[in-house]
Amino acid sequence: MWITFAFLLTLCLTVYFYFRHRYRYWKNRNIPFIVPKLIVGNIVEIFMGKYSPAKYVAHLCNEREGPYVGFFILHKPYLAIKDPGIIKRILVRDFQKFPDKIFINDKSIDPTFSNSLLSLGNAQWRTVRTRLSRIFSPAKVKAMQVYTERCAKSLRLYIDGQLNERLNLKDLTTRFSTEVVFSCVFGVNSNCFKEKQSMCNDYAHKIFPKAYVGLFKGFSYIFLPQLVKIFKYQFFDPTACDFFQNVFSDTIKHREISGVRRNDLVDILIDIKNQSGSLDNNALLAQAIAFLGVGHETISAIISLTIYELCINQDIQNRIREEIETVVGEDDVTSHTIDNLKFLNMVVCESLRKYPVIPFIQRKCVEDYFIPETGAVLERGTSIIIPTHWLHYNPEFFNDPYKYNPDRFNGDTSIPIDPFVYLPFSTGPRACLGRRFALMSIKVCLIYLIRAFKIERDAATKGQLNFGAAHALDPKEGIPVRFQRIEQSYAGTLNKH
Ligand code: HEM
């Protein structure tokens, strides 16, 4: 018994002194930090469901003055960077020292996610990113607009059959985004508007699990890699990956045999595959699944949250409609007309500020790094968080940040917006690859809907959305709204297209 007691005592003391030593990490470097709780660090509030990870990081940033704040998840130190000058160094000027993500990247656990651009480490990331960089060039995105417009017309018809009924915005916009990404990435129709229950839509939803399972997976792939290594669970849902692997392989085979070109992403991926020494099938599939997973979630979230704001702020909805009427009228939507819709652009920018769908950016330092502004040295391997959500809601950078106010993006140079505090797509060499494609799809969808319908709140629409800790993009109760056909002039466009 004494031996057991001595063993347990030694174990407890070892754990205690180990953590005490680890928790001096930021103090020893003279970096302000949040005092951690023994063993768990600063993780408790997230697991109690008090905060989402994004809001928790924002809360930590508010707790300490200064350009950065250190915190701990279990024994591991993290640094949240608050100063725009240092953010610029990390994302752009000294990017070569911060090219990696924190995500665990283990091909034996999750080959699809680990092969995707989202998580690849420096050397491989560079090769894949260079190969894929032309995928969303202005000309390619212009070519994909035809397919996106087709999807917007299908959505419009789908709504037209359910006028004045209570509709859940998220359901409509995920059908649209799945159809768009399927059409442009996989080169096939997903039948999201033909079938109430579309297999493609169901599997697209499954790629990233929702609610607490999704929260736990996403969180652990960034902050608790030990758990992922022990339990070996995949980031992307394996059944969804199998389903899309089949769809993608069939499409590639069909294109190669038939020689048909559609000028979409599949064609580009086949071209990349045929270049010597290029990406193999698994690597291509990983990119396609990542595009589908990221693309369909983010595009649908921004469209539904924008429409929600337009229901609450009818004056803004009317202003967009007037602009569309003046610039586009009943004509086709071209990339040129999209560029001329200045107010619509301001609206989308404001939605991306108020709802940063990727609420923080992550980087890992690959060499010791001296921060000239403060004299601090970041050790090789330091995990960095850039708190987009905190920056976008900071009154020092955005006046009255909880207000939905597109006019803050009117280009007034007396109150310029710092590009290193407004980071919906991030910036620098590792910024979002799909930015151009996402903006085009969001704008096309909004133009088609606002031109044809007056969109109004329903009695059940909340004045304030309740996201809860685990529903980052997805308000808990959905977003119920009603669509009404507007005057004949707009109905004219319905018949025309
Ligand atoms: C509203 C829509 C979207 C937003 C707000 C968004 C935002 C972001 C952000 C913040 C990052 C992290 C960048 C960084 O670490 O510096 C990212 C990465 C990425 N996004 Fe997007 N994204 C959107 C849509 C899309 C779409 C539609 C696609 C493709 C179809 C896409 C593909 C990617 C890829 C491949 C990366 C990884 C880039 C790399 O590591 O090289 N995104 N996105």
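**Notebook: core and ligand shell**

I started with the largest nonpolar core: among its 163 residues, Leu132, Phe176, Phe244, Phe437 and Phe483 touch the most other members. Helix α15 (residues 281–312) contributes the most to this core, giving 17 residues. For the record, such a core is a set of buried Ala, Val, Leu, Ile, Met, Phe, Trp, Tyr and Cys residues joined through side-chain atoms within 4.5 Å, and buried means under 20% relative accessible area (1.4 Å probe, protein chains only). Helices (H or I, at least four residues) and strands (E, at least two) are DSSP runs, numbered from the N terminus.

A note on provenance: this is a predicted model, where local features need pLDDT of at least 70 and side-chain atom pairs count only at pLDDT 80 or more, while totals for chains, interfaces and linings use all residues. Residues are numbered from 1 along each chain as its sequence is written, and side-chain values use heavy atoms, leaving out hydrogens and water.

Next I looked up Phe483. Setting aside neighbours within four places in sequence, its contacts (heavy atoms within 4.5 Å) include Ile159, Leu163, Asn164, Leu449 and Lys454.

Then I turned to the ligand. Of the 28 residues around the ligand (a heavy atom within 4 Å), Trp125, Arg363, Ser426, Arg430 and Cys432 come nearest. I found a polar side-chain atom of Trp125 at 2.7 Å from a ligand oxygen atom. For Arg363, a polar side-chain atom lies 2.6 Å from an oxygen atom of the ligand. Elements giving two or more residues to this shell are α7 (122–132), α15, β4 (361–364) and α20 (435–452). Helix α15 gives the most here, with 6 residues.

How values were computed. Buried means under 20% relative accessible area, exposed over 50%, partly exposed in between (1.4 Å probe, protein chains only). A polar contact is a pair of N or O atoms within 3.5 Å; within protein, one must be able to donate a hydrogen and the other to accept it, and residues adjacent in sequence count only if both atoms are side-chain atoms.
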